[in-house]
Every structure is written in structure tokens, then in C-alpha cells.
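Please keep the sequence and the model open while reading.

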Amino acid sequence: DHGYVAISLIKREKCKEAICADINKGPIERAKEHIDEMGFSDRIKCRLSDGFKAFDRGECQSAIIAGMGGALIKSILKERMDIARELSQLVLSPQSELEEFRRFLSEERFAILDERLIYDEGKYYTIISCVYDGKEHLLNDAELVYGPVLLAQKDQTLYSYLLHEKAVYSDLIDELTKKGIMDRVATISKKLSLNEEVMKIYEVP
């Protein structure tokens with residue numbers, strides 16, 4: 001919404017041209033201002049668009065979709081799956097519904113190539129690099145929740161997140177038990193069990 005990602009990519013010579021898109025005029029105007037200030041208006045264009053709706057097939061090679069919930073990113077991809085499947089890379093940062101989002105990628109036959117978990121100002125952010133390859137990519141429960149690449153790499157930021165999550169789940173179970181909300185206790189207990197199972201991969205043999 002400010003054009004910062006596109007500006008950074010151009011400055012670092014990671015791409016020759018970029019298009020910034022947003023559904024609202026305000027963010028587009030802010031992006032234009034920042035792009036003009038940097039002198040990149042000839043290489044970065046701004047476009048009012050609801051996801052990929054105002055884009056043509058073959059117009060872009062890669063796309064970054066970030067700063068929104070997993071359900072919204074999912075709907076953007078589903079609206080123009082013809083474009084999503086042709087891209088050489090999708091960089092996605094869903095801020096919620098991660099389990100369902102990874103399940104969606106798996107069902108739509110997108111391969112998760114890389115993942116990063118970043119902790120910034122008290123919050124965790126997941127970044128997923130993926131591409132459509134038409135192949136079946138089955139993910140187990142742990143991979144859906146925590147990410148296949150992060151688990152394979154024994155990511156240290158993920159370990160910190162698991163510790164935080166375990167404490168939250170434990171406190172929540174105690175609180176719900178005192179209130180007698182046992183159906184919620186059962187649900188959270190299952191999540192805690194998965195958390196503890198994943199934690200075992202970090203144990204030194």
C-alpha cells in the first residue's frame with residue numbers, strides 16, 4: 001500500500017519493472033508519491049485492482065501478496081487461478097488461517113518451495129514462496145499448521161513460536177477448565193498435543 005516492496009526490489013536490481021496494485025485509491029496514491037520521490041515512476045506503475053482482476057495473463061512473472069488474512073489471499077488466487085498458475089513464483093504472507101491456507105495450496109497443486117517465519121515488534125509473520133506445478137503435495141497435520149519447510153529446517157524462529165504457543169495453550173486450558181468449558185478444552189488440548197509432538201524434533205538425541 002506504500003510501494004515500499006517494489007521500490008526495494010528496483011533499488012536492489014531484483015527486477016526491472018514492477019506493478020503496485022490495491023483495491024483502494026488511497027493506498028495507490030500513497031504508493032505513487034513514494035515512487036515519484038525515489039524517481040522510479042518510469043519503472044514502477046500503480047494500478048487500481050481487486051487482486052489480479054485488472055491484470056492480463058502473461059503480464060507478470062512473479063507476484064507478492066501480503067498484509068492480509070489467509071482467506072482473502074485465497075480468494076484473490078481463486079478469482080484468477082489462470083494467472084496464479086502461470087507465475088514463476090508467488091510470495092505470499094497470510095496473517096491468519098495458515099492451516100487452511102496451506103491446505104488450499106496443497107489441494108490446488110502448488111508446491112511450497114521455501115518458507116520464512118519472522119518475528120517483528122511482538123508479532124510472527126509467515127512468508128511462503130510457492131509455484132504451481134500440477135503435482136500432488138500431501139501435507140500432514142504438523143506441516144499444515146507449522147509449514148513443511150520450517151519443520152524440515154528446524155527453524156529457530158519456529159521453535160520460539162512453539163514455546164510461546166505452548167504457554168498460551170496451557171494457560172488457556174487452565175482458564176477454560178475453571179470455567180467448565182470442556183468442549184473448548186478438548187479442542188485446545190489437541191492443538192497442544194500437536195505442539196508438543198513437533199517440539200520433539202528440536203530435542204538433542
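## Helix packing, cysteines and loop residues

The crossing of α8 and α9 is left-handed, a term used when the near helix is turned anticlockwise from the far one by less than a right angle, with clockwise being right-handed. The model is a predicted one, in which local features need pLDDT of at least 70 and side-chain atom pairs count only at pLDDT 80 or more, while totals for chains, interfaces and linings use all residues. Residues are numbered from 1 along each chain as its sequence is written, and side-chain values use heavy atoms, with hydrogens and water left out.

Helix α8 spans residues 156–179 and helix α9 residues 182–199, and their axes come within 9 Å and cross at roughly 155°. That angle makes α8 roughly antiparallel to α9, the term for angles over 145 degrees. Axes here are lines fitted to C-alpha atoms, for helices over the stretch in contact, with angles from 0 to 180 degrees between N-to-C directions. Helices (H or I, at least four residues) and strands (E, at least two) are DSSP runs, numbered from the N terminus.

Contact means heavy atoms within 4.5 Å; on the α8 side the residues include Tyr159, Leu163 and Ile173, and on the α9 side they include Val185, Ile188 and Leu192. The residues of this contact divide into 13 nonpolar, four polar and five charged, where Ala, Val, Leu, Ile, Met, Phe, Trp, Tyr, Cys and Pro count as nonpolar, Asp, Glu, Lys and Arg as charged, and the others, Gly among them, as polar.

How many disulfides does a search of the whole structure find? The search finds zero, a disulfide being a pair of cysteine sulfur atoms within 2.5 Å. The sulfur of Cys20 is 4.8 Å from the closest cysteine sulfur, in Cys46, which is too far for a bond. Cys130 is likewise in no disulfide, and the nearest cysteine sulfur, that of Cys60, is 15 Å away.

The table gives relative accessible areas; buried means under 20%, exposed over 50%, and partly exposed in between (1.4 Å probe, protein chains only).

| Residue | Relative accessible area | Class |
|---|---|---|
| Cys20 | 14% | buried |
| Cys130 | 0% | buried |
| Asn24 | 44% | partly exposed |
| Glu97 | 41% | partly exposed |
| Arg109 | 35% | partly exposed |

Glu97, in the loop between β4 (89–94) and α5 (98–107), has a positive phi of about 55° although it is not a glycine. Arg109, in the loop between α5 and β5 (110–120), has a positive phi of about 65°, and it is not a glycine either.

Conventions:
Parallel < 35°, antiparallel > 145°, perpendicular 65-115°, else oblique.
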